Amino acid sequence: MAYDRNLLIQKASAIAGDLDLKNGFVAAEVGAAIQTVDGSLFIGVSIDISCGLGFCAEVAAIAQMLAHRETQIEAIVAVTQSSIIPPCGRCRETIAQVDVRNLDCRVILGEDRDVPLRELLPLFWLTE
């Protein structure tokens, strides 16, 4: 299934933006959107709190996807209020470990650029 890059960027951008939490921490600095191979869309926001207890927007979107019993990603994007950003190493590992077929999912890196996850995660340690 073909994915709609602009729709994914729009969905992620719509939820990205600092949300000041009452305790001095921040959520939603990053928004993420996923389209699965079945065409479903899932979104998530980051949570930045102390002691490493927060999580990335990509992981939040993946949790939504898993709650709907889907595992295979067609495309994924993460954005801040001002730019599209690549997933961090933890997120890259999470995407691949959820379903090894996700090594072929498209990671949107710009308005006109995307790459398969395997280019961002060379020599993946799990066997395919």
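I took helices (H or I, at least four residues) and strands (E, at least two) as DSSP runs, numbered from the N terminus. The model is predicted; I asked for pLDDT of at least 70 for local features and 80 or more for side-chain atom pairs, while totals for chains, interfaces and linings use all residues. Residues are numbered from 1 along each chain as its sequence is written, and side-chain values use heavy atoms, with hydrogens and water left out.

**Entry: negative patch**

I looked up D18 and found it in the loop between α1 (5–15) and β1 (19–20). D18 is partly exposed at 48% relative accessible area; I call a residue buried under 20%, exposed over 50% and partly exposed in between (1.4 Å probe, protein chains only). Together with D20, E29 and D48, D18 forms a negative surface patch. For patches I took residues with over 30% relative accessible area and no salt bridge, joining like charges within 9 Å and nonpolar side chains (Val, Leu, Ile, Met, Phe, Trp, Tyr) within 5 Å. Asp and Glu count as negative, Lys and Arg as positive, and His and the chain ends are not counted. I placed each charge at NZ of Lys, CZ of Arg, CG of Asp or CD of Glu. Areas come from the Shrake-Rupley method with a 1.4 Å probe, and for residues only the protein chains shown count as cover.

**Entry: salt bridges**

I counted a salt bridge where a side-chain nitrogen of Lys or Arg is within 4 Å of a carboxyl oxygen of Asp or Glu. By this rule I get four salt bridges.

D99 and R101 are paired at 2.7 Å, N to O. D99 is buried at 9%, whereas R101 is partly exposed at 47%.

R118 pairs with D104, with 2.9 Å between the closest N and O atoms. R118 is in helix α4 and D104 in the loop between α3 and β6, so this bridge ties together parts 14 residues apart in sequence. Both ends are partly exposed: R118 has 31% relative accessibility and D104 has 48%.

R106 pairs with D114, the closest N and O atoms being 2.6 Å apart. I noted R106 as partly exposed at 27% and D114 as buried at 18%. R5 joins R106 and D114 in a network of salt bridges.

**Entry: N102**

N102 sits in the loop between α3 (89–98) and β6 (106–110). I read 0% relative accessibility for N102, which makes this residue buried. A polar atom of the N102 side chain lies 3.0 Å from the backbone oxygen of I95. My rule for a polar contact is a pair of N or O atoms within 3.5 Å; within protein, one must be able to donate a hydrogen and the other to accept it, and residues adjacent in sequence count only if both atoms are side-chain atoms.

**Entry: positive phi**

I looked for positive phi in residues other than glycine and noted R69, with phi near 65°. R69 belongs to the loop between α2 (57–67) and β4 (73–79) and is exposed at 71% relative accessibility.

L123, also not a glycine, has a positive phi near 55°. L123 is in the segment after α4 (117–120), and I list this residue as exposed at 84%.

**Entry: G39**

I placed G39 in the loop between β2 (26–36) and β3 (41–48). G39 is partly exposed at 30% relative accessibility. From G39 to Y3 I read 7.7 Å, C-alpha to C-alpha, for a sequence separation of 36 residues.
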